[in-house]
Amino acid sequence: MKLLEWRVRKVPVGKISLILGILAFVLFSAWKIWALTGYWSLEPAFDSLRNLFLILRDKFGGPGEPPMGLYNTLIIVLKLLGILVVLLLIGAYSTLMERKILAFMQDRLGPTRVGPRGILQPIADGLKLLQKECIVPLGADGNFHYLAPVICFIPALMGAVLIPFGKGLMPVDLNVGILYFFALGAFGELGIFLAAWGSNNKYSAIAGFRAVAQLVSYEIPMAFCIMSIVLLSGSLKIGEIINAQIEGATAYGGLGFPIWFIVPQFLGFLIFFLSAVAETNRTPFDLAEAESELVSGFHTEYTGLRWAFFFLAEYVNIFIGASIITAMYLGGYAGPELPFLGETLSSVVWFCLKVFSIFFIIVWLRGTLPRLRVDQLMMLCWKRLIPIAMANFLLTGIFVFANTVRLTPQLWPVHLENSAYTSIAAIVFILIIMFGLAWFFAKDLLKPMKERDV
Amino acid sequence: MQLESISNISTVITVLMFCVLIFFAFVVVRSGATGIVSGLRLVFEKFLRNFEQNDTLEYPGEDREMGHRWKGRFVQMIDEKGRMRCDACQLCAQACPDNLIEVLPEGKGRDKRPRVYTLNYAACHNCGFCVDICPSDAIRMSRDFETATYQRTDAFSHDDNESLVFNLEDLVAFESSVYPELFDSSSPGELADSLGYFKNKKIFEEDSYLDYEPMDEDALHVVEEDVEEIDDKDYEIPELDD
Amino acid sequence: MSDPKDFLTTQTGTLLEKESEDRFWLNMGPQHPSTHGVFRILLETEGEIVKNVVPIIGYLHRGVEKISENREWMGALPLTDRMDYLGAMSNNMALTLPVEELMELEVPRRAQWLRVLALETNRLASHLLFYGTLGLDLGALTPFFFAFRQREIAQYLLELLSGQRITFNYIRYGGVRLDITTPIEREFRKFITGFRPAYEEMWNLVEGNEIFRTRIIGVGESTPELLIKHGVTGPILRASGVKRDLRKDRPFAAYDEFDFDVITHDKGDTYSRWYCRYKEMGESLKIIEQCLDGMPDGPHIKKMPFFFKPPPGEIYSVTDTPRGDLGVYIVSDGSRFPYRVRYRAPSFCNLSVLSELLYGTGIGDVIAILGSFDPVFGEVDR
């Protein structure tokens with residue numbers, strides 16, 4: 001008889017350490033070789049590329065006023081196309097990555113048939129969705145039903161301009177960077193609600209109500225975390241935020257030394273991470289598309305390419321959320337220069353590694369945790385996350401204030417003068433407020449689960 | 001204090017802030033996230049384990065070998081010389097709960113063979129009673145479960161090419177491909193004998209296990225005098241206001 | 001077709017206004033990812049809170065009892081497999097008990113032990129499915145795969161024993177169809193050693209997880225009086241504290257020779273039902289181990305012909321299935337066809353208490369409660 005294997009094995013520590021050891025050895029030797037070959041890198045290629053663009057700009061370029069020069073137009077078009085292609089590919093392949101990671105967590109293999117190891121699966125999915133019949137339910141509000149996927153998808157694409165792919169590789173470094181991302185998150189909610197309402201279906205309507213409540217609520221902790229980061233780094237621009245983590249910002253009395261913001265803002269990181277997961281409707285917060293309860297939630301009535309829009313919008317949103325998290329907390333593209341790759345490419349590699357690890361954690365959460373009920377979700381947001389986020393913001397503000405304002409011995413605030421009393425007063429003030437707040441809401445949390453309201 | 005000490009103070013403040021935020025984190029974690037973390041760790045271990053060993057059988061590529069007792073497709077067995085064991089005793093036709101088997105014999109004595117043997121495979125639900133009762137071990141359930149075909153006509157019987165009423169031609173298979181080693185029997189009819197399903201090869205009417213008096217036919221009829229008449233006038237259907 | 005809403009009775013005795021603008025009817029139709037089969041339930045909800053429940057069954061009615069009247073006694077056995085298709089061994093057992101009692105058959109001891117082995121493996125498989133689908137209903141994808149990995153092995157063992165994975169047709173009148181051999185026993189033992197760590201993993205995945213706990217603790221609480229009033233049996237009743245298990249109270253098939261506990265829990269909420277079924281899995285494993293260790297020698301069936309005529313009479317017998325008490329009432333008129341076979345399906349009676357429990361809960365809780373009841377609609381509708 002053919003026997004099935006049913007021993008449940010633990011992590012193969014020996015094998016993993018062997019692989020890590022070999023990897024470390026390979027990296028070390030690569031680094032040594034790189035030193036020996038005079039730190040040869042691919043950076044000059046990027047420099048020549050930049051020079052090429054400068055030459056083109058001198059020839060064809062002109063300022064941005066209309067009629068715009070040929071160069072400017074071309075650059076804009078190229079950037080748009082690049083973003084579109086890259087983003088759609090990322091959206092499609094992140095579905096494959098998620099399916100494979102989920103499958104491995106569940107003792108199975110995921111897509112394996114299409115292409116080697118299932119690499120062409122997203123293309124097959126895309127083609128399949130393209131040729132499906134788009135059914136519009138009877139009684140559906142035509143305009144809403146048509147517009148909803150569009151309104152959901154456009155902010156996802158628009159958010160791509162913020163992503164710091166690497167050093168000098170941001171499409172546009174907006175001066176209101178983080179605020180733009182925040183506004184786009186709000187824009188996407190409208191699409192979900194239109195889909196829910198325009199489907200003429202009670203299930204979708206329920207899902208839409210839940211979704212709107214959830215999305216609007218979870219923007220608040222996100223806003224507080226963003227504000228704390230802005231205080232620490234001194235600017236809304238994403239490039240400046242990443243710079244503050246690499247070189248240390250001194251604007252408005254920031255930290256003054258380089259550190260990834262996850263360290264001073266660890267709680268902010270957790271809160272922002274949870275809010276980002278909630279904003280993109282991922283498990284454990286996915287009651288808007290809860291498969292087991294409401295069939296498919298707000299996109300029950302969508303087929304074919306319209307559903308593909310919702311689907312892609314979700315994954316592109318995850319990607320954008322992950323990149324904002326890395327930009328704000330994990331140092332963006334910061335990382336030591338890798339051998340042979342040059343500054344730009346290694347920054348891209350570091351960025352991708354960080355984004356992938358955040359993505360992995362998001363998928364990991366989906367694979368492990370069940371869904372939260374609607375009232376538990378709202379309770380989590382309003383009773384737990386918002387107080388902590390507010391406390392975090394308050395503390396950051398106090399800290400930043402303490403670094404800029406000095407009190408004279410007469411306890412009069414004077415800007416930018418030195419005094420020992422100030423700092424001590426700030427420390428004492430922080431501690432009092434801290435413990436007060438902790439006492440106020442944390443005593444509820446420390447009780448065992450049966451006693452407190454769930 | 002001079003400017004140099006500012007950076008020291010900043011460091012102190014940062015460290016303090018960090019400590020206090022760790023305290024907050026402790027509070028949050030203590031509130032019940034530890035169970036979630038251990039669940040996450042369990043799933044991560046599974047994830048890593050699957051790189052080394054995965055239990056998935058990639059089915060159309062790798063075959064699943066069923067157990068020896070698997071009740072698959074019905075076969076009538078013949079040996080390499082083409083000899084059948086079936087001697088048309090019609091017990092399988094009697095045993096089939098849905099009467100899907102039809103057997104018509106020809107010949108007499110040791111040369112008795114089925115002239116017609118059909119099985120309506122469309123309704124067969126693989127209960128295996130026919131196999132259990134066959135005294136000559138002529139039929140088995142093979143281990144074949146892949147009965148789907150690419151063309152409709154391939155699945156139909158050769159007889160009329162439009163129904164699943166299989167005749168002998170469709171049902172025979174070589175004994176070497178089908179005979180499972182399980183029953184450990186060199187004598188035919190071992191299974192039926194072990195279950196005691198037949199005393200001797202007589203059809204049912206002549207053989208009954210226990211003799212009983214048939215039940216009194218009146219005992220099971222409802223006597224009409226015992227039933228109460230329900231007069232509709234006594235029961236008022238209440239009006240529901242719309 | 002009459003509108004089910006016309007059959008509305010006030011579920012909890014309070015009068016509701018006929019219609020109100022705050023409430024709307026939500027139909028969790030027969031096709032739904034989470035209703036565990038074809039079950040239609042009409043919920044009148046006020047926002048998220050359920051105020052009225054109209055469950056509608058009958059979508060899987062196949063006329064099992066009527067068909068049994070046209071088949072011989074032997075032929076009625078495969079039909080029972082298809083009623084509660086997740087616990088098919090118990091269904092086979094349920095039909096053989098009254099017939100054996102009627103015919104005063106003495107089943108050999110080895111046959112009874114083999115029956116226990118099959119029944120407990122089947123119970124394990126059924127509870128594993130419950131574990132997996134409860135996780136799926138709550139939104140967690142991984143417990144399903146953990147559970148089904150083990151269930152796959154359990155079904156493989158049952159396939160080695162009986163020849164089929166779901167509808168076994170293994171337990172016959174007088175014993176079982178085929179004996180257990182040494183290779184099969186070895187596979188069983190391997191399963192036991194492999195299942196224990198997975199059993200621990202399944203506990204760790206759910207028990208400490210705060211989200212699971214908040215979803216299932218306190219949801220759908222039931223009192224013993226309510227459950228007994230509606231005739232609920234099985235793990236649902238045990239979860240509210242009533243220590244009733246037919247394997248101990250009315251032992252059948254050699255259960256009195258085994259050493260196992262009856263699991264009860266004090267509150268009757270979803271957590272208690274989950275806990276009872278989870279611990280029952282451990283008990284089943286204990287029983288399987290004891291069974292393999294102490295299997296007596298002897299024949300595996302009391303030889304009986306295929307076509308028989310039991311004496312006329314009527315008997316009611318009850319067995320314990322993973323879902324509750326399955327009762328079979330047979331009337332025999334001395335011919336080789338049953339006159340009447342009536343099945344008292346546990347899921348049918350369990351579902352009658354649903355409307356009481358669902359009042360006042362949210363839609364998410366409806367799914368959790370229905371999942372914790374673990375109904376199988378093959379036996380609700382027969």
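A: Phe272(A) touches Phe181(A), Met222(A), Cys225(A), Ile226(A), Ile324(A), Ile325(A), Met328(A) and Tyr329(A), leaving aside residues up to four places away in sequence; contact means heavy atoms within 4.5 Å. This is a predicted model, in which local features need pLDDT of at least 70 and side-chain atom pairs count only at pLDDT 80 or more, while totals for chains, interfaces and linings use all residues. Residues are numbered from 1 along each chain as its sequence is written, chains are lettered from A and ligands numbered from 1 in the order in which they are written, and side-chain values use heavy atoms, with hydrogens and water left out.

Phe272(A) belongs to the largest nonpolar core, of 147 residues, where Phe272(A), Tyr329(A), Leu117(C) and Trp274(C) touch the most other members. Such a core is a set of buried Ala, Val, Leu, Ile, Met, Phe, Trp, Tyr and Cys residues joined through side-chain atoms within 4.5 Å; buried means under 20% relative accessible area, exposed over 50%, and partly exposed in between (1.4 Å probe, protein chains only). A second, separate core has 30 residues, including Ile133(B), Leu77(C), Tyr173(C) and Val341(C).

Next, the contact between chain C and chain B. Chain C gives 54 residues and chain B 42 residues. The area buried between chain C and chain B is about 4300 Å², 61% of it from carbon and sulfur atoms; buried area is the accessible area (1.4 Å probe) that two parts lose on being put together, summed over both. Within chain C, the most area is lost to chain B by Arg177(C), Phe306(C) and Phe307(C), together 15% of what that side buries.

Between chain C and chain B there are 4 salt bridges, each a side-chain nitrogen of Lys or Arg within 4 Å of a carboxyl oxygen of Asp or Glu. Arg172(C) forms a salt bridge with Asp132(B), with the closest N and O atoms 2.8 Å apart.

On the side of chain C that touches chain B, two or more residues each come from α2 (76-81), α5 (142-162), α6 (182-207), α7 (210-216) and β7 (324-332) of chain C. Helices (H or I, at least four residues) and strands (E, at least two) are DSSP runs, numbered from the N terminus. The largest share of that side, 9 residues, is from α5(C).
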